[in-house]
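Subject: Structure handover and notes

Dear colleague,

I am passing on the structure below for you to look through. My notes on what was found in it follow directly after.

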Amino acid sequence: MAHSKTRKLYLNLPVRDLKQSRGFFSKLGFEFNEKFSDENAACMLVGVDASVMLLTEAFFKTATSRGLADTSKHIESMCALSCESKAEVDELVKLAVANGGKSINEPQDHGFMYHWGFLDLDGHHWNVHWMAPESAQ
């Protein structure tokens, strides 16, 4: 069954220190929706219909009976962000590293697509990519 309506995406990620994580992503240029933010959560705006909910680990655990992934040993997700140019990909990853994140691998240039990645302060995997406009359609 195909859905014709657009849905909003709220990706929930557990974080050890909400203030520190919010500061990290603010330094990368992300803004937050204060209507959905408090001492347990910060709603990071990614796009018109996409947000990342940074949730304290304790608050995150109230929504699940399963244990949290140890991101130093396991990957629990791969968050992908688009950029408008290869230079923006490099800039975002370097900014993440300069603010306490860790780069993942080396930049990969496939001609029609360029990507690189970083781990945030909590070890969440972020893949940053650019795609040639004619390839992204």
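The protein exposes about 8800 Å² of surface, and carbon and sulfur atoms supply 52% of that area; accessible areas here come from the Shrake-Rupley method with a 1.4 Å probe, and for residues only the protein chains shown count as cover. Please keep in mind that this is a predicted model, in which local features need pLDDT of at least 70 and side-chain atom pairs count only at pLDDT 80 or more, while totals for chains, interfaces and linings use all residues. Residues are numbered from 1 along each chain as its sequence is written, and side-chain values use heavy atoms, with hydrogens and water left out.

Overall fold

The protein contains three helices and eight strands, these being DSSP runs numbered from the N terminus (H or I of at least four residues for helices, E of at least two for strands). Along the sequence they follow the pattern β-α-β-β-β-α-β-α-β-β-β. The radius of gyration is 16 Å, close to the 14 Å that the globule rule gives for 137 residues, so the protein is as compact as a globular protein of that length; the radius is taken over C-alpha atoms, and the rule is 2.2 Å times the number of residues to the power 0.38. Taken along the principal axes, the C-alpha atoms fill a box of roughly 45 × 40 × 30 Å.

Of the 137 residues, 35% count as buried, where buried means under 20% relative accessible area, exposed means over 50%, and partly exposed lies in between (1.4 Å probe, protein chains only). Among contacts with a separation of 6 or more, 50% come from residues 24 or more positions apart, a contact being heavy atoms within 4.5 Å.

Charges and salt bridges

There are 14 positive and 18 negative side chains, and the centres of the two sets lie 6 Å apart. Lys and Arg count as positive and Asp and Glu as negative, with His and the chain ends not counted, and each charge is placed at NZ of Lys, CZ of Arg, CG of Asp or CD of Glu.

The count of salt bridges comes to four, taking a salt bridge as a side-chain nitrogen of Lys or Arg within 4 Å of a carboxyl oxygen of Asp or Glu. I describe some of them here.

One of them joins aspartate 49 and lysine 8, at 3.2 Å from N to O. This pair links distant parts of the chain, 41 residues apart, with aspartate 49 in the loop between strand E3 (41-47) and strand E4 (50-56) and lysine 8 in the segment before strand E1 (9-15). Aspartate 49 is partly exposed at 31%, whereas lysine 8, at 53%, counts as exposed.

In another, the closest N and O atoms of glutamate 34 and arginine 22 are 2.1 Å apart. Glutamate 34 sits in the loop between strand E2 (31-33) and E3, and arginine 22 in helix H1 (residues 18-27), twelve residues away in the chain. Glutamate 34 is partly exposed, at 48%, as is arginine 22, at 24%.

A salt bridge at 3.0 Å, N to O, is also formed by lysine 86 and aspartate 109. Because lysine 86 lies in helix H3 (residues 86-98) and aspartate 109 in strand E6 (residues 102-109), the pair ties together parts that are 23 residues apart in sequence.

A backbone detail

Asparagine 105 has a positive phi of about 55° although it is not a glycine. This asparagine 105 is found in strand E6 and counts as exposed, at 61% relative accessibility.
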